[in-house]
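Open your viewer, colour by chain, and keep the sequence panel handy. This tour tells you what to select at each stop and what you will find there.

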Amino acid sequence: MRIFSAGRVAALVVAALLGAAPASPFAAPAKADDLDAIRAAKTLRIGTEGTYAPFTFHDASGQLVGFDVEIGRKVAEQLGVAPQFLEGKWDGLIAGLDGKRYDVVINQVGITKERQAKFDFSEPYIRARAVLITRADRSDITSFADLKGRKAAQSLSSNFARLAEQSGAELVGTDGFDQSVQLVLTGRADATVNDSLSFLDFHKQKPSAPVKIAAEQADADASGIIMRKNNPALKAAIDKALEAIKADGSYAAIAQKYFGADVSK
Amino acid sequence: MPHWLDLMLQSLGPLLAAGLRFTVPLTLIAFALGLALGLGTALVRLFAPRPLAALAWLYVWIFRGTPLLVQLFVIFYGLPSAGILIDAFPAAVIGFTLNVGAYTSEIVRAAIASIPKGQWEAAYATGMTPFQALRRTILPQAARVAVPSLANSFIALVKDTSLAAAITVPELFQAAQRIVAVTYEPLILYIEVALIYLVLSTLLSWLQTLLERRLGRYGGYLEARA
Amino acid sequence: MIALSAIEKRFGDNPVLRGVDLAVPEGRVTALIGPSGSGKSTLLRCANLLEVPQAGTLTLGEIRLTFRPGSPPARRDVLAVRRQTGMVFQNFQLFPHRTVLENVTEGLVTVGKWPQARARARALELLERVGLAHKAADWPASLSGGQQQRVAIARALAPSPRLLLCDEPTSALDPELAAEVVDVLAGLAGEGTTMLMATHDLRLARRVADTVVFLEGGHIVEQGAAADVFARPADPRTRRFVRTLLGEAAEGG
């Protein structure tokens with residue numbers, strides 16, 4: 001799940017403000033569930049960024065691919081409709097639900113209280129947790145506490161930098177995960193803290209790079225498929241679809257393809 | 001005390017510490033080495049045999065024609081792939097030195113070329129070797145021509161060292177970034193750091209004026225007064 | 001014995017000196033005259049190797065250099081020749097970043113490795129002789145052209161060269177300023193300084209030169225005692241040239 005981009009922070013704040021507002025006096029009377037409209041149109045309109053590898057991006061041939069995209073395709077298949085991906089900038093994605101531009105957004109949207117006040121989420125389809133990454137040959141760092149007095153390569157403004165700092169690490173400022181891993185690989189930093197999905201993606205791209213997860217945090221952050229509130233039939237159908245693709249092995253195949261690991265827990 | 005002033009005063013200590021530990025040494029070392037490199041390169045381009053001069057030209061062409069930030073990234077993040085691992089501060093010194101060397105070599109070359117041929121001949125006529133002529137007669141005059149441009153390079157370098165933040169050197173600008181990351185006050189901190197750079201470059205401009213006055217004390221060039 | 005013999009010098013495809021023989025008698029003043037492009041300045045500059053001839057021989061005391069195309073003389077020899085010659089340039093070419101005194105001591109200290117104090121004493125003595133001891137601490141830029149040229153003469157004389165070369169020493173000066181330079185050079189001539197000068201200043205040549213050499217097109221056309229050449233030039237080309245010089249001198253007052 002993404003938690004850093006300024007856009008997301010802004011969206012979060014907006015969501016929080018809206019959530020805190022009193023219920024609208026113009027609340028619509030009981031209405032049909034979105035699921036009916038989707039079924040009628042035989043199309044599930046999915047909002048996604050298309051620029052966030054490995055979740056939603058364009059491959060070398062220009063095809064829209066990625067973990068979230070493939071999950072979306074499978075869910076649509078389970079619903080018996082065709083998926084229609086509509087790409088947009090992150091800042092406008094969730095707002096696009098309100099504007100009825102999309103039926104759902106599948107884009108690593110973290111499940112937060114603020115968002116839940118205004119929208120509904122499916123059951124989580126992916127989980128990420130903070131992990132501590134070191135060189136594969138380091139045996140002296142096995143927990144976050146071992147960071148004390150060591151150098152952690154971090155993007156200075158990220159929450160992971162705060163986490164490393166709270167564990168007593170000395171920060172080495174970088175501009176992103178790739179640079180941080182590079183510093184760890186070359187021994188210029190002892191470790192870096194990041195999310196497990198980024199690590200798995202890196203590991204998938206460069207399987208021979210000698211880095212490992214030395215420790216991970218117990219709490220995971222979950223992302224779900226986000227939809228407009230009060231569409232119980234749609235939420236139930238999507239949850240059922242997710243369950244089905246987990247059961248038939250297609251979820252595992254997609255996870256394996258993008259991360260080489262199960263990312264549902 | 002208003003919040004912004006309080007924050008600025010609290011941040012001043014760590015910012016100045018980063019400036020003194022990294023920005024100032026990086027600037028001074030890189031400029032001293034870069035100036036020596038620039039002088040050597042200028043002399044090679046002016047006086048060395050062709051293949052060597054071509055090599056010097058190539059160096060200047062590459063380092064003037066590519067962004068400094070890219071050069072720093074190649075040295076710090078790129079070279080390890082070729083088995084060359086350089087720590088952040090030395091990598092920054094190397095990057096800035098090479099960049100300063102390329103720019104100052106052009107300044108020095110132009111300054112040497114601007115000294116009239118008659119000055120070389122006057123030096124030779126007294127029996128000086130080419131090296132003596134260069135050292136005693138040409139370079140002191142070229143220095144005066146070059147000082148304004150060199151001083152500008154120096155002031156530019158002070159500001160450019162903020163790029164070292166991108167290769168993990170915890171210098172002045174990165175120190176500000178760190179404080180912003182915990183206080184969420186980018187406007188106040190970045191303005192404060194801008195003011196510190198402003199003070200530094202103003203001090204240097206002032207030194208430049210003093211130096212120019214000292215070098216300029218012998219008056220104008222001597223041309224025929226027919 | 002100071003002599004240039006069979007000197008040939010080309011700039012690219014352009015021959016400037018075509019086999020020139022010139023002996024400079026010691027203790028006397030020899031003036032090279034001739035129209036622009038005659039090669040007189042180039043010949044002068046060959047005497048201290050600011051120009052290196054393609055062919056010929058230079059004899060200066062014990063030094064004897066033979067020139068061949070494509071094989072420049074050894075650096076040691078070039079420096080030896082320059083240490084035994086002094087040169088005064090048309091545009092003075094004082095070192096602008098050094099004081100008047102330092103201009104004169106520069107060669108003594110840098111080239112001759114003289115101690116500072118001795119060089120200073122020698123420089124003051126020479127500045128006295130050209131009448132500028134009171135300007136010793138000044139910057140060259142603050143002097144008049146005539147004063148600058150007199151400092152340049154002191155600078156050229158500092159290491160007591162065997163030969164003083166003067167390349168158009170008065171032609172960048174107003175007539176009044178030229179006069180003070182002519183006076184100084186005349187004084188030196190009277191003391192027996194060996195000089196070779198290129199000039200088209202008739203007053204200078206008539207007053208200072210013992211021998212006059214007329215060049216044209218890279219050849220020596222005529223040479224002889226100054227009085228003879230100016231009064232009774234033998235060659236028609238010399239006659240024509242001397243007439244133009246006399247005309248200029250009349251105009252210049």
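The stops below go from whole chains to interfaces, then to a sheet, a strand and some single residues.

**Before you start**

This is a predicted model, in which local features need pLDDT of at least 70 and side-chain atom pairs count only at pLDDT 80 or more, while totals for chains, interfaces and linings use all residues. Residues are numbered from 1 along each chain as its sequence is written, and chains are lettered from A and ligands numbered from 1 in the order in which they are written.

**Stop 1: chain B**

You will find eight helices and zero strands; here helices (H or I, at least four residues) and strands (E, at least two) are DSSP runs, numbered from the N terminus. The C-alpha trace of chain B spans about 70 × 45 × 25 Å along its principal axes. Of its 226 residues, 40% are buried, a term for residues with 20 or more other C-beta atoms within 10 Å of their own; 12 or fewer makes a residue exposed, anything in between partly exposed, and C-beta atoms are placed from the backbone.

**Stop 2: where the chains meet**

Two residues are in contact if their C-beta atoms, placed from the backbone, lie within 7 Å. Select the 26 residues of chain C that are in contact with 24 residues of chain B. On the chain C side, helix H2 (75–83), helix H3 (100–110) and H5 each give two or more residues. Colour that side by residue class and you get 14 nonpolar, nine polar and three charged residues. In this scheme Ala, Val, Leu, Ile, Met, Phe, Trp, Tyr, Cys and Pro count as nonpolar, Asp, Glu, Lys and Arg as charged, and the others, Gly among them, as polar.

Next, turn to chain A, where 12 residues are in contact with 12 residues of chain B. Strand E10 (170–174) and helix H7 (177–185) of chain A are the elements giving two or more residues to this side. Its residues comprise four nonpolar, six polar and two charged. Chains A and C do not touch, and their nearest C-alpha atoms are 50 Å apart.

**Stop 3: the sheet in chain C**

Hide the rest and look for an open sheet of six strands in chain C, in the order E6-E7-E8-E3-E9-E10 with mixed pairing. Two strands pair if DSSP finds at least two bridges between them. At the edges, strand E6 (85–88) and strand E10 (219–225) of chain C each pair on one side only. Strand E9 (residues 211–216) of chain C runs antiparallel to E10(C), and six bridges join them. To see one bridge, select C:Val213 and its partner C:Gln223 in E10(C).

**Stop 4: a covered strand in chain A**

Go to strand E9 (residues 151–155) of chain A, where five of its five residues are buried. A:Lys151, A:Ala153 and A:Ser155 lie on one side, A:Ala152 and A:Gln154 on the other. Five bridges join E9(A) to E10(A), and the two run parallel. One bridge pairs A:Lys151 with A:Glu170 in E10(A).

**Stop 5**

Most residues other than glycine have a negative phi, and most peptide bonds are trans. First, select A:Ala53 and A:Pro54, which are joined by a cis peptide bond with omega about 0 degrees. A:Pro54 sits in the loop between strand E1 (43–48) and strand E2 (57–58) of chain A.

Then pick A:Gln108, a non-glycine with a positive phi of about 55 degrees. Is A:Gln108 buried or exposed? A:Gln108 counts as buried because it has 25 C-beta neighbours inside 10 Å.

Finish at C:Phe92, another residue other than glycine with a positive phi, near 65 degrees. C:Phe92 lies in the loop between E6 and H3 of chain C, and is buried, with 29 other C-beta atoms within 10 Å.
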